[in-house]
Amino acid sequence: MGNKTLDRREFLKIAGASVGGLLLTAGGAAAAESSKTGDGIKSVPNGYAMLYDATKCVGCRACQTACREANHTPPELDVTGNYDEPMDLSGDTWTLIKLYKDPSESSFVKKQCMHCIDPACVTACPLGALHITPEGAVAYHQDICFGCRYCMVACPFEVPRYQWRSVTPYIQKCDFCVSNGRLEHGETPACVVACPTGALKFGTRPELLSEAHERIKKETNTYVDHIFGEHEAGGTHALYLSAVPFEKLGFPKLNDTPYPAKITIPLDIGVPGIIVGMTTFATGTYFVTGRKEERTKKEETHDNDS
Amino acid sequence: MTTIVKPVNARRSISIPWGHIFLWILATLGAVVAVYRLFYGLGAATNLSDGRPWGLWISFDVVTGVALAAGGFTIGFIVKILHLKRFYPILRPTILTAFLGYVIAASSVVLDIGLPWRIWHPLVYQNFHSPMLEVALCVMTYTTVLALEVSDPFFEGMGWKSAKRVVEVFMIPLMVLGVVLSTMHQSSLGTLFVLASKRVFGLWKTGYLPLLFFISAVAVGLAMTILEANFAASAYDMDAEQDLLGDLGLYAAWVLLTYLVIKISTLVGSGGVRDLWSGGINNVLYFVEVIGGIILPMILLFIPSIRKSRKALFRTAWIVVLGVVLNRLDVSFFGFAGTPYIPTWMEWAINISMISAAILFYDFFVRHFPIFNNEH
Ligand code: SF4
Ligand code: SF4
């Protein structure tokens, strides 16, 4: 797991500022300072990535089962109670092969966390429980999370899931096999190892991107001329090739701006601005109107109660 | 000096024990449900799901409730910072209700987060890029600030002179801090839905949500103050001073005008206009919100005769409040993408019980501490 730990000195600075009130400006400065360094938040654009080629996937679900084994997630039974057949990603299912089918075409698609380069969930998390590992994966500290579920609300791919039925629930999602230690030990994620057809491939993002481009160039008739995840929401570490348009596979239409970029102005400029501006404005107004009141008081003696 | 609410017979308690009993029953029921939620989890108590991670508690108690409690910082600014001392009589009641509003919001958060015993985590683990952290820290700090502000009449009532003197020294810095913190988190509540804009319906999807949330919080803060002065006047047998409330109404009209202009320009700017006629419930809600909740009360509040009539002003203030409530629910509830969701009776019970408890506390506090009949 990553090493996003709390910086106690920084906390004390902020806490002191919040409680003391008059030191608010110092709090703003500390906040601004930390926003520059903030580890676990910094994107790793050329980190490890996974390429899923839907045209090579035969829907055997070996990846799904391997994921269960590696991460110890219990099976989700269907109504008959005989099959491990989840309907969607869930607190127990971190990856899932779905089938898209219409009269003219069909395709499998692997659902999982996209491991965004600039993940909305990481920016959303107030506690830094979700973080970016040095490998570029988006992982989770369950000891830090307090369950506000803002990550679930903010993720444009609606990936993080919750253990709703538990009394001590945690966020659940694919973490590129970081929490089970595979990635750290130089092993590729369990699902990639399990894939018998080579539909899944693990490597660095630049490598996989150039390979994906190559495949499209070689087989222009097979593939849609688009690598999903190359630019979407600022780019992701899960990359997809497909013969069927991506909207049909359930991928959202997103533009290239990373979601966190949408709030840099209100947060990084707005908040310090409000702290400094409003403090000055309110204090200034207090003294100005106060003096005016003194003056009027001197001019006219007014009685106290009506 | 004119006062807004003149104590006519403040000591006469309201003679409706049935109301009290009813409120106590509701409050107790909610407490039982809260215990159930703690022991059986969110899945058992709520209809929330992976497709709908936030529900009634966040939309109503937090996003809407915090907006409705904006009266506290608005009136604090007017009285203590702008030195408009004639509004002093409604300062204490408004701050008391604001405090209770924040306590409701904070309690809802405690029940809503998956691991309530970790509610203190934002004090130790912090991601300063998260608008949620800002909301959490501001709400925590501001609730403390409001508690200190409420402690002034409390100490006064208890006759603890030295304690009161200490609080009084800090009153102005506390009010300034309250204004700063409120500006921060009222707007950050909007920022929450900018980062999560994928789920927000086109008509409300704009990067200016923080600004819009802040301005509408000021408008609703003024309207709530008018309402509270009226409630207090009728419940505790007092007179409301119409002139002063009318002035607040006029301020609210100008704030609404600003709000309207920015709201319309951001709609045009964000390209949300194309969603105007897309059909569906969200369009209706948008028109009701803008025409019924902003334009209508704004026009009414600009009319002097309306501001002079107690009834008309009271009703118009209600419209403003409902308009802002609708806006918050539009952004975070109705227009919020997700699987269909209807709150369970338990979610409602918690909600209603907290409001009941707040009313009981208010009633108790007002009758035992100098909230209305202060010597200023
Ligand atoms: S897909 Fe969602 S959960 Fe995964 S990294 Fe991106 S924002 Fe986070
Ligand atoms: S639910 Fe946990 S991981 Fe998700 S944003 Fe909240 S604290 Fe962070």
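Does Lys164(B) count as buried or exposed, and at what relative accessibility? At 12% relative accessibility, Lys164(B) counts as buried, where buried means under 20% relative accessible area, exposed over 50% and partly exposed in between, with a 1.4 Å probe and protein chains only.

Before going on, this is a predicted model, in which local features need pLDDT of at least 70 and side-chain atom pairs count only at pLDDT 80 or more, while totals for chains, interfaces and linings use all residues. Residues are numbered from 1 along each chain as its sequence is written, chains are lettered from A and ligands numbered from 1 in the order in which they are written, and side-chain values use heavy atoms, leaving out hydrogens and water.

Lys164(B) forms a salt bridge with Glu168(B), their closest N and O atoms being 2.8 Å apart; by salt bridge I mean a side-chain nitrogen of Lys or Arg within 4 Å of a carboxyl oxygen of Asp or Glu. Both residues lie in helix 7 (residues 161-195) of chain B, 4 residues apart, about one turn of the helix, a helix being a DSSP run (H or I, at least four residues) numbered from the N terminus. Glu168(B) is partly exposed, with a relative accessible area of 39%. Through shared partners, salt bridges join Arg92(B), Asp152(B), Glu156(B), Lys164(B) and Glu168(B) into one network. Within it, Glu156(B) meets Lys164(B) at 3.0 Å, N to O, and Glu156(B) is buried as well.

Turning to chain A, Glu187(A) pairs with Arg182(A) in a salt bridge at 3.9 Å, and Glu187(A) is partly exposed, at 37%. Over all chains, the search finds 18 salt bridges.

Notes. Helix = DSSP H or I, 4+ residues; strand = E, 2+ residues; numbered from the N terminus.
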